[in-house]
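This briefing sets out the main features of the structure shown below.

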Amino acid sequence: MSEAAAMHAGHAESYESPLTPESWGKLGMWVFLVGDAMSFGTLLAGYGGIRYGSADWPKPYEVLGIWLTAGMTLLLIVSSVWMVKGLAAIQRGDQAAFRKFIGLTILGGVVFLACQAYEWNKLIFHEGLGFTSNPYGASLFGTTFFIITGFHGMHVTGGVIYLLCILLRGMTGAYSANNYNPVEIAGLYWHFVDLVWIMVFTFVYLI
Amino acid sequence: MAEHHSEDLYMKIFYYLLALTILEIIVALPTYSTLVKAILLIGMALGKAGLVAMYFMHLRFERLTLGMIAFTPLVICVFLVFMLTPDLGAVAHKTTVPAKAATGAKH
């Protein structure tokens, strides 16, 4: 009996620990994002290492140009603002504003992907930047560029699909002022994609 | 609980992010020491990433657990850079020697 009581007490103690998250879903998303951050961290560190060791690395802003991507950076930041506004809307139970802002966030992601497709098309077919060779210098310049921006683009694609699911579920009335946790968790993913692009823009385009 | 944050706060963070992005471009455009440029740009990018994580991802208003989890990859990435250091020297040595040989062969 006393053993069982002790176990019960231990269980209660761990449940009330300050380390217990208020939302397991949110904790799960954070753990996923931390792993994903390591993927991007490794890619960017590898990029830095290869570039540091190369004698003929082209100046990225001369080959890639920064104005289009500066616009894409702003677009992702604005879409993050729309995302938080969408979350704020559902937190106060405003379904119409929730749909509008999540819709705008998705639109931001789609336009971002269209800009990236335009950029890749221009670089590959008009400026000769290949995956394994290019006319500007180190062959790994193209390889690292396509892998890092491609990996990020896949994340944006995933985010657009994820938010579409949230929007469609939201349109059936699944979320409300008392039930907005899935929207907040999807928002975490979207802001992370924005955060990673801020780093990619700096490392791959600006420096 | 991370809820009902003032939308004014979100707009304030947006203006900070906008200002930092414009500042980044101003810093990136002129030609000068790559090291100084890299330090300035990485500093500003970390500032922007911090703003997104703290306010848009609500980390500032969350329990310590999530903050500790989010902070971990930053620490590991610093280690990662140190772990790459021996390779950086080796790669620099290997790529510069053939480049010199190639220019020598041309003359």
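In this predicted model, helices α2(A) and α7(A) are roughly parallel to each other, because their axes cross at roughly 10 degrees and angles under 35 degrees count as roughly parallel. The axes of the two helices come within 10 Å.

**The α2(A)–α7(A) pair**

- On the α2(A) side, the contact is formed by G25(A), K26(A), M29(A), W30(A), L33(A), D36(A), F40(A), L44(A) and Y47(A).
- The partners in α7(A) are N181(A), E184(A), I185(A), L188(A), Y189(A), F192(A), V196(A), M199(A) and F203(A).
- By class, this contact of α2(A) with α7(A) comprises 13 nonpolar, two polar and three charged residues.
- An α-helix has 3.6 residues a turn, so residues three or four places apart point the same way.

**Chain architecture**

- Chain A contains seven helices and zero strands, and its elements follow the order α-α-α-α-α-α-α along the sequence.
- Chain A has 207 residues, of which 39% count as buried.
- Where contacts in chain A join residues at least 6 apart in sequence, 78% of them link residues at least 24 apart.
- Chain B has three helices and zero strands, running α-α-α from the N terminus on.
- Buried residues account for 19% of the 107 residues in chain B.

**The largest nonpolar core**

- The largest nonpolar core holds 68 residues, and V196(A), M199(A) and V200(A) touch the most other members.
- Elements giving two or more residues to this core are α2, α4, α5 (95-126), α6 (140-171) and α7 of chain A, together with α1, α2 and α3 of chain B.
- Helix α7(A) gives the most to the core, with 17 residues.
- Leaving aside residues up to four places away in sequence, V196(A) touches F40(A), H152(A) and H155(A).
- In soluble globular proteins, nonpolar side chains tend to be buried together.

**Contact between the chains**

- In total, 42 residues of chain B are in contact with 40 residues of chain A.
- On the side of chain B that touches chain A, the elements giving two or more residues are α1, α2 and α3 of chain B.
- The largest share of that side, 19 residues, comes from α3(B).
- The residues on that side of chain B divide into 29 nonpolar, six polar and seven charged.

**The α4(A)–α1(B) pair**

- Helix α4 (residues 67-91) of chain A and helix α1 (residues 7-28) of chain B have axes that come within 11 Å and cross at roughly 170 degrees.
- The two helices are therefore roughly antiparallel to each other.
- Residues A70(A), T73(A), L74(A), I77(A), V81(A), V84(A), K85(A) and A88(A) of α4(A) make the contact with E7(B), Y10(B), F14(B), L17(B), T21(B) and I25(B) of α1(B).
- The residues of this contact divide into 10 nonpolar, two polar and two charged.

**Helix α2(B)**

- Helix α2(B) covers residues 34-56, has 23 residues and reaches 31 Å from its first C-alpha to its last, close to the 33 Å expected at 1.5 Å a residue.
- Its buried residues are L41(B), A45(B), K48(B), A49(B), L51(B), V52(B), A53(B), Y55(B) and F56(B).
- Just after α2(B), H58(B) adopts a positive phi of about 65 degrees.

How values were computed. Residues are numbered from 1 along each chain as its sequence is written. Chains are lettered from A and ligands numbered from 1 in the order in which they are written. This is a predicted model: local features need pLDDT of at least 70, side-chain atom pairs count only at pLDDT 80 or more; totals for chains, interfaces and linings use all residues. Helices (H or I, at least four residues) and strands (E, at least two) are DSSP runs, numbered from the N terminus. The expected span of a helix is 1.5 Å times one less than its number of residues. A residue is buried if 20 or more other C-beta atoms lie within 10 Å of its own, exposed if 12 or fewer, and partly exposed in between; C-beta atoms are placed from the backbone. Axes are lines fitted to C-alpha atoms, for helices over the stretch in contact, and angles run from 0 to 180 degrees between N-to-C directions. Angles under 35 degrees count as roughly parallel, over 145 as roughly antiparallel, 65 to 115 as roughly perpendicular and the rest as oblique. Two residues are in contact if their C-beta atoms, placed from the backbone, lie within 7 Å. Ala, Val, Leu, Ile, Met, Phe, Trp, Tyr, Cys and Pro count as nonpolar, Asp, Glu, Lys and Arg as charged, and the others, Gly among them, as polar. A nonpolar core is a set of buried Ala, Val, Leu, Ile, Met, Phe, Trp, Tyr and Cys residues joined through C-beta atoms within 7 Å.
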